[in-house]
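Please look at the sequence and the model side by side, and keep both in view while reading.

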Amino acid sequence: MQSEVVSFTLPMLSKLFFALAMTVSPVAFTEEFRSVSIYDGHVVLDVPAEWNEIPRDVLEFYALRAAESSGGRMTETYQFGFRPADPELDFALPQLLVQIRESGRLNYRQFLHLPTVEDLRAVGERSLAEHVGPLMRGMEIGEAVFDEDSFALHLTNRLDLSFEGETTVDSVAFLTERGLFTIHAYVKASEAENMEPIVAHVIDSVRFDQELAYRPRLGDHWPPRPATLFLLAALIVGAAAALHLLRRRRRAK
C-alpha cells in the first residue's frame, strides 16, 4: 500500500515547482475574522475580516490562462478565493483558494498509512531534478499528514522561486460525502510566521452541513482502489500548477 501511495502522491510533488509567487507589499495581518457561507450553504468558515473575496471571473481567468499556456493539460478550477489585496488583481500573496471536486466519496482508510518524508524526498528529488533551473532554485518537500478526526490530508511545501524567493504552499484536502473540499494557502516564507495562526484558524473553522460532512462506513474497511489516490494528487497540485503557468505567460509578454 505504501508504494501505491508514493506513486500517486509524487506527481503532486513533482509539479509543485509551478507554484506561483507574486510580488507583495508587507501587509498588516489582522486577528479579526468574519464567518462566510459558501458552496450553496454547505460549508461555513472564517476568513480575516478585512480580506476580500476574489470574483468568480478572476478565478475563471486563472483556469483559462493555465489551460491556454499548457495546451489544455492544466484544467483545474477554483470556486472561491480570499486575499487582503485588490480582489481584481490576477494574483497577490497571501491568498487562499478553495477548490471543490464532486468526484465521488473516497475511502478514508487509504490515507492512514502515508509515505514518510524520506520516501517522498528520495523519489521526489529525482523527478524534480529536471525542473530546477531558471524558474526554481530548489524545493523542500514537507510531510503529508492525515487527520483522522477531521478526515483531512495536510501538505506543506517550501519553494525557492527565482522570481520571488522562498514561498510556502499549504494545502488541506477535506474528504466529503461528494468528493474533496480543498483549501490552498499561498504565503511568502518571510510572512509565514505571522500568517500561520491565521491559516490555522481558517482551517480549524471549516464546518460542513450534515449532507456534506464525511461519515465513515463499514465498506471503508475494504481495501481501497489505488486510482482514488491519483485523483487526490491531481486536485492538490492543480492550484500550484495553474497559477504559475499564469505568471509565466504574463512575463513572456
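Arg-56 lies over the face of Phe-80, at 5.5 Å from the ring centre; a charge is taken to sit over a ring if NZ of Lys or CZ of Arg is within 6 Å of the ring centre and within 35 degrees of the ring normal. This is a predicted model, in which local features need pLDDT of at least 70 and side-chain atom pairs count only at pLDDT 80 or more, whereas totals for chains, interfaces and linings use all residues. Residues are numbered from 1 along each chain as its sequence is written, and side-chain values use heavy atoms, with hydrogens and water left out.

The protein has five helices and 10 strands, which are DSSP runs numbered from the N terminus (helices are H or I of at least four residues, strands E of at least two). Of its 253 residues, 51% count as buried, where buried means under 20% relative accessible area, exposed over 50% and partly exposed in between, with a 1.4 Å probe and protein chains only. If contact means heavy atoms within 4.5 Å, then among contacts between residues at least 6 apart in sequence, 69% join residues at least 24 apart.

A search of the whole structure finds seven aromatic pairs, in which rings of Phe, Tyr and Trp (its six-membered ring) have centres within 6.5 Å, and planes under 30 degrees apart count as stacked, over 60 as edge-to-face and the rest as tilted. The rings of Tyr-108 and Phe-151 have centres 5.4 Å apart and planes at 75°, so this pair is edge-to-face. Tyr-108 lies in the loop between strand 5 and helix 3 (117–128), and Phe-151 in the loop between strand 6 (136–147) and strand 7 (152–161), so the pair ties together parts that are 43 residues apart in sequence. Tyr-108 is buried, with a relative accessible area of 7%, and Phe-151 also counts as buried, at 12% relative accessibility.

Phe-151 takes part in another pair, with Tyr-214: their ring centres are 4.9 Å apart and their planes at 45°, so the pair is tilted. This pair, too, links distant parts of the chain, since Tyr-214 is in the loop between strand 10 (207–208) and helix 5 (227–252), 63 residues from Phe-151. Tyr-214 counts as buried at 9% relative accessibility, and ring pairs link Tyr-108, Phe-151 and Tyr-214 into a cluster.

The backbone of Phe-151 deserves a look as well, for its phi is near 55°, a positive value in a residue other than glycine. Asp-40 likewise has a positive phi, near 55°, and lies in the loop between strand 1 (33–38) and strand 2 (43–48). Asp-40, however, counts as exposed, at 76% relative accessibility.

Pro-94, in the loop between strand 4 (80–83) and strand 5 (95–101), is buried with a relative accessible area of 5%; Pro-94 and Thr-167 are 73 residues apart in sequence and 10.0 Å apart in space, C-alpha to C-alpha. Thr-168 lies in strand 8 and counts as buried at 10% relative accessibility. Leaving aside residues up to four places away in sequence, Thr-168 touches several others, among them Asn-157, Arg-158, Tyr-186 and Ala-192.

Where is empty space left? Rolling a probe the size of a water molecule over the atoms shows this. On a 1 Å grid over the protein atoms alone, a cavity is a set of points where a 1.4 Å probe fits but cannot get out, and a pocket is an open set with protein on both sides within 12 Å along at least five of seven lines, lining residues having an atom within 4 Å of a point. Grid points are joined across faces, edges and corners, and a volume is the space filled by probe spheres set on the points.

The largest pocket holds about 350 Å³ of space and is lined by 15 residues, of which Thr-156, Asp-170, Ala-192, Glu-196 and Val-199 lie nearest its centre. Helix 4 supplies the largest share of this lining, seven residues. The second largest pocket has a volume of about 250 Å³, and its lining of 14 residues has Ser-150, Phe-174, Val-206, Arg-207 and Phe-208 nearest the centre. Helix 4 again gives the most to this lining, with three residues.
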